[in-house]
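Here is a short report for a reader meeting this structure for the first time. Look over the sequence and the model before reading on.

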Amino acid sequence: MQNTIRTTIGIRKDLLNMSRQYALKRGASLQDTINAALAAGFQRISDLESRKQAMAKIDRFRESLRGRKINVQEILQESKKDLK
């Protein structure tokens, strides 16, 4: 079992009511429902942050290529040699 702490937080009444209804439909406790919603929300935030970091790396790479003359055919030939 995971550790839990007792806390007092403010939750909007409409969200609490929706959580209660959802918990009843699922046959789960209100606490489990709220914990699952919080975990899903934090996972989404984490995913968005990692995507943001990846896009920033791609943008930096693109900027580093600006002004360079790149021969795509030459790169393809080198790649084919590496595959052999």
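## A nonpolar surface patch

Four residues make a nonpolar patch on the surface: Ile9, Ile11, Leu15 and Met18. Together they have about 370 Å² of accessible area. The model is a predicted one.

Ile9 is one of the patch residues. Its place is in the segment before α1. Ile9 is exposed, because its relative accessible area of 56% is over the 50% cut-off.

Is Ser19 buried or exposed? Ser19 is buried, with a relative accessible area of 19%. The cut-off for buried is under 20%.

Which residues does Ser19 touch, leaving aside neighbours within four places in sequence? Ser19 is in contact with Leu30, Thr33 and Ile34.

## Helix α2 and what follows

Just after α2 comes Gly67. Gly67 takes a positive phi of about 90°.

## Salt bridges

How many salt bridges does the structure hold? There are three.

One joins the side chains of Arg12 and Asp14, at 3.0 Å from N to O. Arg12 is exposed, at 51% relative accessibility. Asp14 is partly exposed, with a relative accessible area of 39%.

Asp59 forms a salt bridge with Arg62. Their closest N and O atoms are 4.0 Å apart. Why can these two residues pair along the helix? Asp59 and Arg62 are three residues apart in α2, so about one helical turn separates them. An α-helix has 3.6 residues a turn, so residues three or four places apart point the same way. Asp59 is partly exposed at 39% relative accessibility, whereas Arg62 is exposed, with a relative accessible area of 55%.

Arg66 and Glu63 also meet in a salt bridge through their side chains. The N to O distance is 3.5 Å. Arg66 counts as exposed, at 62% relative accessibility. Glu63 counts as partly exposed, at 47%.

How values were computed:
Residues are numbered from 1 along each chain as its sequence is written. This is a predicted model: local features need pLDDT of at least 70, side-chain atom pairs count only at pLDDT 80 or more; totals for chains, interfaces and linings use all residues. Side-chain values use heavy atoms; hydrogens and water are left out. Buried means under 20% relative accessible area, exposed over 50%, partly exposed in between (1.4 Å probe, protein chains only). Contact means heavy atoms within 4.5 Å. Helices (H or I, at least four residues) and strands (E, at least two) are DSSP runs, numbered from the N terminus. Patches are made of residues with over 30% relative accessible area and no salt bridge: like charges are joined within 9 Å, nonpolar side chains (Val, Leu, Ile, Met, Phe, Trp, Tyr) within 5 Å. Accessible areas come from the Shrake-Rupley method with a 1.4 Å probe; for residues, only the protein chains shown count as cover.
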